[in-house]
Amino acid sequence: MRDRDLDLIAALVEGRLEDETEARALIASDPEFQAEYESQKLAYEALSNLGPAMLTEMERSALHRDVWTELRSQDVAGEKTRSPWYYRWAPVAAGMFVVVGLVAVINQSGGGGDAAMEAATATTAADSAEGGDSGGETSAPAPTDGVEPDITALLSQDFSRAMTAADVAYYEAEAEKVRTGDVDTYQFEDEEAEQSSRIETCLESAELTGFEVIGAGSPSAEDAEGGVAVPEDANPYVAAIPEDTALEDAPIAFVDLLTCELIYVDQ
Amino acid sequence: MTTAAQDQELLARVVEGDHEAFNQIMRHHEDRVFSVCLRIMGNREQALDATQETFLTAFRKADQFKGNSALGTWIYRIAVNTCYDQLRKQKRRRTDPIPGHLDPTDYSAQDEVDSAALRPEIVRALAALPQDFRSAIVLSDIEGMGLPEVADVLGVPVGTVKSRVFRGRRLLAQELGNQSV
């Protein structure tokens, strides 16, 4: 069955065709098409008849009560104290410092070499990312002539989320676990394929193309051992590193598995 | 329907701790989030838990929202992922046999509102589908989202959604056929 045939059958089932002649002829031409049409129609009508559900008033009240009770008990809004203002500008200052140093070196050596340029640029990007981890806004990194573009893109991410020191400590501890192979992983069991697909989807949403998954974690109270507290709002995460990079040298990107957003990069 | 600019403004207010802004977002999306969760989880109580968790996550992670998609799309993505997560946890917990009165397939134990909103044969058939197919047809055929919006929520290309919806319907029809035998 060709894609166009499937599209035609789906359009007929969903009643999207102004002129159904071609679709009707198609399903009449082959028992396989006819069977496909009937199964699609059966499922579509069953689902359409089900229709969207609504909360009852009791459920709605319970939802609002429980959400606000939970939020107030944790005082989430008040708990998230932003990093000091100078943390935001630290990566920019560090980047400028390196650029100024680079210009001085180039001037002294009468033009400098490409290797020096690349090394300095890579350092700039790395410095920017460290600042980004603290919740700072980073300037766009200098172009790297196509060298490891994924890493550069990752390091230039703007982490607008204001992370607390506790958040940073938690993800640093998780990164250490990942590096030592001690990360709590999902028990995929028979859902392995589905979970893998979900993780891949999340990596794509976080624009981490060219990265490979090296672990996934689900925060629990047990993680508190060793003195690192689990943040109240920590969600399951997936950890990924750039492909073909040694784990000890690679930045580890953490992606929230519920929001599919990049939340932290450990250098 | 809120515009992207209104979404951004509301989220900015939430990040600043404006509870009324978050209430507006909840009121606007709660029925649909609940509906998506109900169709994926197949049980009102679990769907309510997942809905609650979805909004708690949305509140806590409001500062992660980058505006690359509509706010609703972002919230429904959290809802679908939360449901997946809770289903996964349920499976991990189910090491012991489930008492009959708690078995989600024991539809006689569910209350009247369940039987009105959840047609047991469809719920069973939906529950038998792989999660990827289930979420695609729930968003498309029950919630009436267009393929591009479903693709945004699930974070996959439109072609993949189209394929999942088609194959999901085919499997659902098989399941419904098997039940009627």
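Tutor: Happy to! One term before we start: two residues are in contact if their C-beta atoms, placed from the backbone, lie within 7 Å. Also keep in mind that this is a predicted model.

Student: Okay. Which strands does helix α9 of chain A lie across?
Tutor: Helix α9 (residues 165–179) of chain A lies across β1, β2, β3 and β4 of chain A. Its direction is at about 65 degrees to β4(A).

Student: And in what order do the four strands of that open sheet come?
Tutor: The order is β1-β2-β3-β4 in chain A, with antiparallel pairing. From one strand to the next, the twist averages 25 degrees.

Student: Which strands stand at the edges?
Tutor: β1 (211–217) and β4 of chain A. Each has a single partner strand, so one side of each has no neighbour in the sheet.

Student: How many bridges are there between β1(A) and β2(A)?
Tutor: Six, in the antiparallel sense. Within that pairing, Val213(A) has Ala240(A) in β2(A) as its bridge partner.

Student: Let's switch to Cys260(A). Where is it found?
Tutor: Cys260(A) sits in the loop between β3 (252–256) and β4 (262–266) of chain A. Its phi is near 60 degrees, a positive value in a residue other than glycine.

Student: Is Cys260(A) buried or exposed?
Tutor: Buried, because 22 other C-beta atoms lie within 10 Å, and the cut-off for buried is 20 or more. Cys260(A) is also one of the residues that Val255(A) touches.

Student: What about the largest nonpolar core: which residues touch the most other members?
Tutor: Val238(A), Val255(A), Cys37(B) and Ala79(B), out of 101 residues in that core.

Student: Last one: which residues of helix α6 of chain B are buried?
Tutor: In α6 (residues 120–127) of chain B they are Ile122(B), Val123(B), Ala125(B) and Leu126(B). They cover an arc of only 165 degrees around the axis, so they are on the same side of α6(B).

Conventions: Residues are numbered from 1 along each chain as its sequence is written. Chains are lettered from A and ligands numbered from 1 in the order in which they are written. This is a predicted model: local features need pLDDT of at least 70, side-chain atom pairs count only at pLDDT 80 or more; totals for chains, interfaces and linings use all residues. A nonpolar core is a set of buried Ala, Val, Leu, Ile, Met, Phe, Trp, Tyr and Cys residues joined through C-beta atoms within 7 Å. A residue is buried if 20 or more other C-beta atoms lie within 10 Å of its own, exposed if 12 or fewer, and partly exposed in between; C-beta atoms are placed from the backbone. Helices (H or I, at least four residues) and strands (E, at least two) are DSSP runs, numbered from the N terminus. The arc is that of the directions from the helix axis to the C-beta atoms. Two strands pair if DSSP finds at least two bridges between them. Axes are lines fitted to C-alpha atoms, for helices over the stretch in contact, and angles run from 0 to 180 degrees between N-to-C directions. Lists of a residue's contacts leave out its neighbours within four places in sequence.
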